[in-house]
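Take a look at the model below.

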Amino acid sequence: MKTKNATPAEQIAAREKALAMAGGQADYSFDFNLSSDNRFSYGACVIHNGKIFLVCGDRTDTLDINAIDEFRYVNNIGCAAIEYTVGGEDYELCRSDMKNAVAMQIAVKMMTAVKEGRTVVNNELVVCPKCGRTLKPGATVCLNCINKKLLFMRLLPYAKPYAKQLTFAAVLFILISAINVLLPVLYKKLINNFITADDPNTTGFLLLIGAITLCGLVIAVAQMVRQIITAKTSNNILVKLREVLYAKIQELSLAGITRRSAGELINRITSDTMVLKDFLVGLFPELIQQALIIIGVFAVMLIFNWKLTLIILIPVPLLILMFSSIRKYTHRMYHRQWHTESDLGTILYDVFSGMRVVKVFGTEKKEEARFNKYARRVADISQRNERTWNLIVPFANFLLGIGEYAVILIVGKNILNNGGMGLGDLIQFISYVGIIYGPIRWMAYVPRRIAQTATSLAKVFEIIDEKSDVAETDKPIEKQIHGDIEFKNASFGYNAYEYVLKNINLEIKNGEMVGFVGRSGVGKTTAINLIMRLYDVSAGQISVDGIDIRKYSQHTLRSQIGVVLQETFLFHGTIYSNIAYAKPDATKEEVIRAAKLANAHEFIMRQPDGYNTYVGDRGYTLSGGERQRIAIARAILRNPRILILDEATASLDTETERQIQDAINRLISGRTTIAIAHRLSTLRNATKLVVFEKGMIEEVGTHEELMRSGGRYYKLVMAQRQMSKLIKNK
Amino acid sequence: MDNFLDLAEINYFTPENAKFYKTKNGFAAMKAFMPPIPKDDLEVEEQQDKTPVWQDLGRVYFHRMFPFETPDEFISVLNKDGKEYGIIRRISDFSGEDADIIREALAKKYLCPEITKIISIKEQLGYSYWEVETDMGRMSFSMQDTYRNIARISDTRLILTDVDGNRYSIKDVLALDRKSYRRIELYL
């Protein structure tokens, strides 16, 4: 393990050489491992005091950051590079495979910051302190090096409230184990004193039979109670864990959430916690139970006859080895089967969700063939697996049986030959052998299950431990806002090396209606997301009423912003509950007023169940315009100080758009409104238009001003007019 | 027009209308005989003069359109912002220095060692650790969610993506030696 992760000596030499060039000090440093023609090599780079010190193989280089115009991180396929520009000429600084990509992205950000005279605190690169591997952005634990024992210990606080029940369960565990150890002793007594004895005493016999029956009963009851307790407590622990996890995911910033797919997050809440539950309810208690029994039996056996005990133990490691190798083999078998089955499932999901496309293009036959091919494959593999399984299992059981009988034979012979021991002693011993040999097969797969649980546990705690990158300050401000928004030198990038917005300066006064204009992908929506604090600016600041938005409580800020997006999401529920979503304590009257203002009331009244009409999955029973108006009603209900409309009317027909525009015009008076629209005519009421291009503001002004200046806005308007003229002429 | 697909124009670069060269620092650049490139995409198209002229496009970027199927055919030639100048139908259409420049630029953009032998695969905690022999030397890497990060390009061709995003190719999995094949078989 150690040698695998060890850094090669050449790499360390390169690092040291670069560091020596910088005079032994570094503000930031990173490795790279490719030469300029993509061959593997060893290189290191140190940034210190406004200079870059580079070592690549035998070549060394020193560059002055201020003499360079621009730094760029270039993402290739399977490799990455840092390039820079001086006087319009491109140069390559270094190249690496993707292992150092994150470090290089941060380096570019740092060099740019140094160039612009900013200081950047390097807190983005997370390196596993143990193996030195750069962790992916967002990951907080190195799954490579995680301590499994510590991981399981972390479940303890969740178990604490159930200490009483668990202690009781522990007592039961010990009781069951003790009885299990005791039973063979009773058998021995039964046989030695009564069955093989010459004159058995009937009362004693009945007493003993009664004791054995009682033992059986106690075990049954104790096991039942134990199971109920462990199931109850572990389910409670699971629920708590899920609650904590869910709350944590909600608390994460949008960036933290979008970094993982929805499927992955759902998995963590459902499957990963399910694995934990299986462990807590099933494996863990069973493990303790078996361990206690084995220890007890072992102790008794040692006292009884230590030599024989050791003989019995000889085949145990062999058997464990045998079963774990069988396990490994069958695991591979079933792993394959599982994957092919899941492939089949994917195909089915694909075809059924795309049924319209399949029918429209008449490709049913082709899909049928594809399905058949995979179904055939699944059948083949599972057939083969069943066959192998049925060959292995009886054979393995036979082997296990032989081992067990061999031991009994040797032991039995010994006991009988040595004299002084009766048939009862033999029976007792045989029972103990059975108790020890019984769980071997089961134990072969315990390590695997534990490893699986540890992985799930690590994934769950990774989220619980994650710090939200849109953090709340210590004393968040909660107050009614007025609605003045200001961007001060605000920059933002979704990743470290590329800014989507650069140095935005913009002032929006309360009561203004501002239109954001520009092509798609120039940063308009990002600017809006920043105002809502779905993300935090990377540099500069955004303020509302002159106070940095990071000082507000997130809830206060967002509760005073109303948003209507192009894609309207309706939750499962009634129209009423969807409108009231924004303000759960709204009265019916308020909801109706909001619907009326949004021009939604009329169409709601056309539904047979009025406001109680159920809108299903994403509200597909409603048209796009209807859904849009519900979204507007939702935004109005909050009486927000700031209203944001992101392409709210883009996908609608002219008549519906006019209605919605009416609704919006009613809405914007006395509020700060920001609207994004591609159809420029929808922004004719705007008091100010802001034209974005490549992450920067290119023009600001009213419609008339911008038309007169003949810049980008003028061109956009002209292009759109020409379009509509073309359509008219046709 | 017979086929309305003809409405979409493809500008193929050939030795007749394209000449590649290297910038001072070794980046691929080109001169092309084609209609003038508008400086701003807002310029209304009709106003443009479409007569082709020889022009220096400066540094250009290559991107394979079918990287797995035909790595040496259908190569898009783009500007810095990802706007396409034209398409190279086959690298073999070009010869000498032109072809060399294209091949070199592609080799710098795409790094994907070819696995020739699998020395070991160890699985632990949902990660798999690989020790392999490649055409670029011996390498070790780790993969997460192994089954899903092995792309099956065809029945025999595989592309592996490791935790960092590096790629490794296996051109023909059946051509691997028996032991290597046994090791990877589980993930097929």
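This is a predicted model: local features need pLDDT of at least 70, side-chain atom pairs count only at pLDDT 80 or more; totals for chains, interfaces and linings use all residues.

Residues are numbered from 1 along each chain as its sequence is written, while chains are lettered from A and ligands numbered from 1 in the order in which they are written.

Q: Which element of chain A has the highest mean pLDDT?
A: pLDDT is the predictor's confidence in each residue, from 0 to 100. Helices (H or I, at least four residues) and strands (E, at least two) are DSSP runs, numbered from the N terminus. Helix α1 (residues 2-5) of chain A has the lowest mean, 42. The highest, 92, belongs to strand β6 (residues 79-86) of chain A.

Q: Is A:A13 buried, exposed or partly exposed?
A: A residue is buried with 20 or more other C-beta atoms within 10 Å of its own, exposed with 12 or fewer, and partly exposed in between; C-beta atoms are placed from the backbone. A:A13 is found in helix α2 (residues 9-21) of chain A. A:A13 has 13 C-beta neighbours inside 10 Å, so A:A13 counts as partly exposed.

Q: How many residues of chain A are in contact with chain B?
A: Contact means C-beta atoms, placed from the backbone, within 7 Å. Chain B brings 25 residues; on chain A the number is 29.

Q: Which residue is the bridge partner of B:A29?
A: Strands pair if DSSP finds at least two bridges between them. Strand β3 (residues 28-34) of chain B and β4(B) pair in the antiparallel sense over six bridges. In β4(B), the partner of B:A29 is B:R59.

Terms used
Two residues are in contact if their C-beta atoms, placed from the backbone, lie within 7 Å.
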